[in-house]
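Please have the sequence and the model open as you read.

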Amino acid sequence: MTSPLVSLVRLLAAGAAALLLLGCSGMQIAYNTADFFIERYAEDYLGLDSAQMERWAPTLKSALAEHRQAELPYLAAFFDSAQNDARKGFTRADVRCLLDQLEVIYRRHFMLAAGTAAPLLADLDRSQIDALEARFREEAREDADDAARPEAQRVAKRVERYADNMRWWLGELDARQRGIVRDVVADLPESATWYSYRDRKRRELIALLRRGASPERIENFLTHWLVDYSDMPAALERGQIQLRSAMTDLIVRLDATFSDAQRRRLIDRLTSLRRDFLRLQRDPQMAPVAC
């Protein structure tokens, strides 16, 4: 369920979150240059002209300033919790708490990102909307091709994607650990229903843009879709519950197999990210954790 929803909005959220997977060595640089990279992505993805970029730049600058003040404490608190859990060993209660924190972070970031993207989307002209619709159609075809692959290929692709992500945090996985990843990932919900839902919401967004909707109306649409899940199909709601359970199982099972070097690497990664998210704040603090 981690595929992009609206590519621009997801980039805004990822950029505002400082491109976490760059790691501690590049994270502060990435965060402090996020406005540049977001502007370049938006310019390329939407085919913006210089006047549109100039009109949107103050909105982006304001959003990133708000992120620095309001959102960094939540990221610092998350990595503080995670590094403490990694030191003692993850329990199911620990992982549930971390996932609760991630849900809060996700919703807060996407609320900010929706408000930031809305005026830019409202400013698109007809040719830019046509180009965005064509890009959405191409991505929908790619989704359909992925859904049509044999199940064994889809599972192997998911396993490799999860293993690649874990290598950054842990280093190389051994055969037993890859087996755990394979067991858990093989039972994850299929993507076809998710692809269909995403395609429908993209079509609705294009229709909204063609009607000349206001920034407020577009922000409301994005918030209902990406933050509130107001019309998410029941099958996808069940899939999210299943995914959360699978991630809990994966982390707890892997924790029991960590070598000393893997645990040390994980703790170092998490601790460095906590430190960097504190340093990025003018008045360093961590948000309260409810669990």
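## A polar contact and its surroundings

The side chains of Glu-71 and Arg-108 make a polar contact at 2.8 Å. Please keep in mind that this is a predicted model. Glu-71 sits in the loop between α4 (50-70) and α5 (72-88). Is Glu-71 buried or exposed? Its relative accessible area is 4%, and because the cut-off for buried is under 20%, Glu-71 counts as buried. Leaving aside residues up to four places away in sequence, Glu-71 touches Glu-66, Arg-108, His-109 and Leu-112.

A polar atom of the Asp-174 side chain lies 2.7 Å from the backbone nitrogen of Gln-177. With 37% relative accessibility, Asp-174 counts as partly exposed.

Now to the sulfur atoms. How many disulfides does a search of the whole structure find? The search finds one, formed by Cys-97 and Cys-291 with their sulfur atoms 1.9 Å apart. The pair links distant parts of the chain, 194 residues apart: Cys-97 belongs to helix α6 (residues 92-122), while Cys-291 is in the segment after α13 (260-279). The link of Cys-97 and Cys-291 is right-handed, with 80 degrees about the S-S bond. As for accessibility, Cys-97 is buried, whereas Cys-291 is exposed.

| Residue | Relative accessibility | Class |
|---|---|---|
| Glu-71 | 4% | buried |
| Cys-97 | 12% | buried |
| Asp-174 | 37% | partly exposed |
| Cys-291 | 51% | exposed |

Finally, the aromatic rings. Seven aromatic pairs turn up in a search of the whole structure. One of them joins Trp-168 and Trp-169 in an edge-to-face arrangement, 4.6 Å centre to centre and with 85 degrees between the planes. Both Trp-168 and Trp-169 are buried. What lies over the face of Trp-168? Arg-269 does, at 3.9 Å from the ring centre. Elsewhere in the list of rings, Phe-78, Phe-79 and Phe-277 are linked into a cluster by ring pairs.

Notes. Residues are numbered from 1 along each chain as its sequence is written. This is a predicted model: local features need pLDDT of at least 70, side-chain atom pairs count only at pLDDT 80 or more; totals for chains, interfaces and linings use all residues. Side-chain values use heavy atoms; hydrogens and water are left out. A disulfide is a pair of cysteine sulfur atoms within 2.5 Å. Helices (H or I, at least four residues) and strands (E, at least two) are DSSP runs, numbered from the N terminus. Buried means under 20% relative accessible area, exposed over 50%, partly exposed in between (1.4 Å probe, protein chains only). A polar contact is a pair of N or O atoms within 3.5 Å; within protein, one must be able to donate a hydrogen and the other to accept it, and residues adjacent in sequence count only if both atoms are side-chain atoms. Contact means heavy atoms within 4.5 Å. Rings of Phe, Tyr and Trp (its six-membered ring) pair if their centres lie within 6.5 Å; planes under 30 degrees apart count as stacked, over 60 as edge-to-face and the rest as tilted. A charge sits over a ring if NZ of Lys or CZ of Arg is within 6 Å of the ring centre and within 35 degrees of the ring normal.
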